[in-house]
Amino acid sequence: MFSSCGLRAVVKSAGGVFRESSALYTAVSSRASTCSGLGLLSGPAVSKGSFAVAPPARHYARVAKKKKTGPESQLGDLLPTMLKMDYAAVPLVQSTDDLVKRLLSLELASHREKLQLKKEQLIAKVQRDENDRNSVEVQVAILTARIRNYQEHLQKHHKDKANKRHMLMAIDRRKKLLKNLRLVRFETFERVCEQLGITYTFPPEYYRRAHRRWLAKKEFCIKVFKAVQKQKAEQKMKQHSGTTETEAKASEAQTQ
């Protein structure tokens with residue numbers, strides 16, 4: 001008897017679950033049919049026996065991301081039709097085939113070869129004569145091309161600490177050379193800065209990083225200085241009062 005009662009309860013509960021699932025299926029299918037009729041769903045229609053609903057269509061356009069435009073590269077003025085530095089002075093290259101010229105041009109050249117050609121162009125602007133390769137002006141031109149190359153590299157790879165250190169070292173080296181050149185030959189210094197497009201800024205006369213320890217030390221030193229000055233003033237007052245007392249006693253003794 002108990003077994004029959006338990007069986008009836010299980011059958012009733014299962015029938016209730018089936019009725020709820022069938023009602024949910026009919027609701028979902030009716031909603032999907034209405035949405036598809038209104039054109040709100042662009043995906044495939046809901047199939048029988050499946051509860052998956054197609055995602056709604058998004059009828060809006062995303063804003064295009066603007067590309068960051070940095071400063072122009074120093075190699076931008078090099079035409080791709082120019083020959084490489086090793087083949088520019090060879091007269092036979094001018095009479096060769098177009099394909100060979102393209103292979104020997106800057107169009108297929110590496111970044112290192114382009115940078116070398118740019119260095120030669122900057123050196124030609126400031127060198128004293130054709131054989132000058134070691135003067136201060138030539139060293140400044142080489143360092144300038146190298147510094148600008150580091151700056152362009154760090155704009156794309158701002159976490160490259162090694163190249164940033166090399167760039168700062170090159171900047172310090174060029175600063176020392178320009179400082180010496182300014183003191184020795186000022187006209188050459190102005191010409192080099194004008195030809196290479198360098199803006200020379202004077203370093204500060206005195207620079208010290210103001211951190212908390214230095215500020216506390218400075219405040220303590222000021223307090224000590226004021227205390228010493230006050231002590232010296234008191235000693236002067238005592239000496240002055242002592243001299244006046246002795247003078248008064250001496251004058252009294254003379255009158256007597």
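Good morning. I begin with F189, which counts as buried because its relative accessibility is 6%, under the 20% cut-off. Please bear in mind that what we are viewing is a predicted model.

F189 takes part in an aromatic pair with Y200. The two ring centres are 5.2 Å apart, and the planes stand at 90°, an edge-to-face arrangement. Y200, like F189, is buried.

Let me turn to the wider search. How many aromatic pairs does a search of the whole structure find? The search returns three. One of them joins F186 to F189, with 5.9 Å from centre to centre and 35° between the planes, so the pair is classed as tilted, since that angle falls between the limits of 30 and 60 degrees. F186 and F189 are three residues apart in helix α6, which spans residues 186-196, and therefore about one helical turn separates them. Is F186 buried or partly exposed? At 41% relative accessibility, F186 counts as partly exposed. Taken together, F186, F189, Y200 and F202 make up one aromatic cluster.

V90 lies in the loop between α1, residues 2-38, and α2, residues 98-103. With a relative accessibility of 33%, V90 counts as partly exposed.

Thank you for your attention.

Note on methods
Residues numbered from 1 in each chain as written. Predicted model: local features only at pLDDT ≥ 70, side-chain atom pairs only at ≥ 80, totals over all residues. Heavy atoms only, no water. Phe/Tyr/Trp six-rings, centres within 6.5 Å; stacked < 30°, edge-to-face > 60°. Helix = DSSP H or I, 4+ residues; strand = E, 2+ residues; numbered from the N terminus. Buried < 20%, exposed > 50% of the residue type's maximum accessible area, 1.4 Å probe, protein only.
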